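Please have a look at the sequence and the model before I go on.

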Amino acid sequence: MYIKSVIIDGFKSYGRRTEIHGFDSEFTAITGLNGTGKSNILDSICFVLGIMNLGQVRAASLQDLVYKSGQAGVTKATVTLIFDNSDPNQCPLGYEKCREISVTRQIVVGGKNKYLINGKLVQNKKVSDFFCSVQLNVNNPNFLIMQGRITKVLNMKPQEILSMIEEAAGTSMYETKREATTKLIEKKDAKVRETNTLLQEEVEPKLEKLRQERSAYLEFQKICRY
């Protein structure tokens, strides 16, 4: 699976709908004169991938990603990535029958933010899991190697290198899910212990008292009959 085309509308310097084609399955270089919007193409891709550190796309808030921050009559930014999904070996689970997959992210001035996969509205987490399943986690510290960081990558510690390998293998997503599930189980276990304590210290004594009172009442009724 690889990017086939990018559709940008109202995002950063792209005030009008712009379609960018010609991406290669192996390597793509974006070239052009200064100020022609090269970096904004990469920023738009990272935007759809769900980047959380807006500093990496040179913005302080999501509103900064809208064309002229919404001050020029454009009140929303929409970016769609169209992926070629013809290779079954790189196909994300559940999309085997789709030759193309489109992922759209849209933000509106004022804070609204939504994702769509193949035109259907989905939650942010589903999009994140979708990309992580094909080893595209834009929020991994080593996903984007910006200018000046090459030396730092070469001098990485073993744990940092392991993180990169796990990201490339796609196992980091499951590690995150495992940690989240473990925390959930711990919370549930604590609730069970709390409930058992409540039963033993409050409910059971009251039930025992009621049993004794019932036995005494039944005994009293027998005596009254005689």
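I will start with the fold as a whole and then move on to the ring pairs.

Please keep in mind throughout that this is a predicted model. In terms of its principal axes, the C-alpha trace spans about 110 × 50 × 40 Å.

How much of the protein counts as buried? Of the 226 residues, 31% fall into that class. As for the contacts with a separation of 6 or more, 54% of them are accounted for by residues 24 or more positions apart. The accessible surface comes to about 15600 Å², and carbon and sulfur atoms hold 54% of that area. On the charged side chains, there are 32 positive and 25 negative ones, and the centres of these two sets lie 6 Å apart.

Let me now turn to the aromatic rings. A pair of such rings is described by the distance of the centres and the angle of the planes. With a limit of 6.5 Å between ring centres, the count comes to 4 aromatic pairs.

One of them is formed by F11 and F47, a tilted pair with 5.2 Å from centre to centre and 40 degrees between the planes. F11 sits in the loop between β1 (2–9) and β2 (18–20), while F47 belongs to helix α1 (residues 38–49), and the pair therefore ties together parts that are 36 residues apart in sequence. Both F11 and F47 are buried.

Another tilted pair is made by F83 and F131, where the centres are 6.0 Å apart and the planes stand at 55 degrees to each other. Here F83 is in strand β3 (residues 76–84) and F131 is in helix α2 (residues 124–132), so this pair ties together parts that are 48 residues apart in sequence. F83 and F131 are buried as well.

How values were computed: Residues are numbered from 1 along each chain as its sequence is written. This is a predicted model: local features need pLDDT of at least 70, side-chain atom pairs count only at pLDDT 80 or more; totals for chains, interfaces and linings use all residues. Side-chain values use heavy atoms; hydrogens and water are left out. Buried means under 20% relative accessible area, exposed over 50%, partly exposed in between (1.4 Å probe, protein chains only). Contact means heavy atoms within 4.5 Å. Accessible areas come from the Shrake-Rupley method with a 1.4 Å probe; for residues, only the protein chains shown count as cover. Lys and Arg count as positive and Asp and Glu as negative; His and the chain ends are not counted. The place of a charge is taken as NZ of Lys, CZ of Arg, CG of Asp or CD of Glu. Rings of Phe, Tyr and Trp (its six-membered ring) pair if their centres lie within 6.5 Å; planes under 30 degrees apart count as stacked, over 60 as edge-to-face and the rest as tilted. Helices (H or I, at least four residues) and strands (E, at least two) are DSSP runs, numbered from the N terminus.
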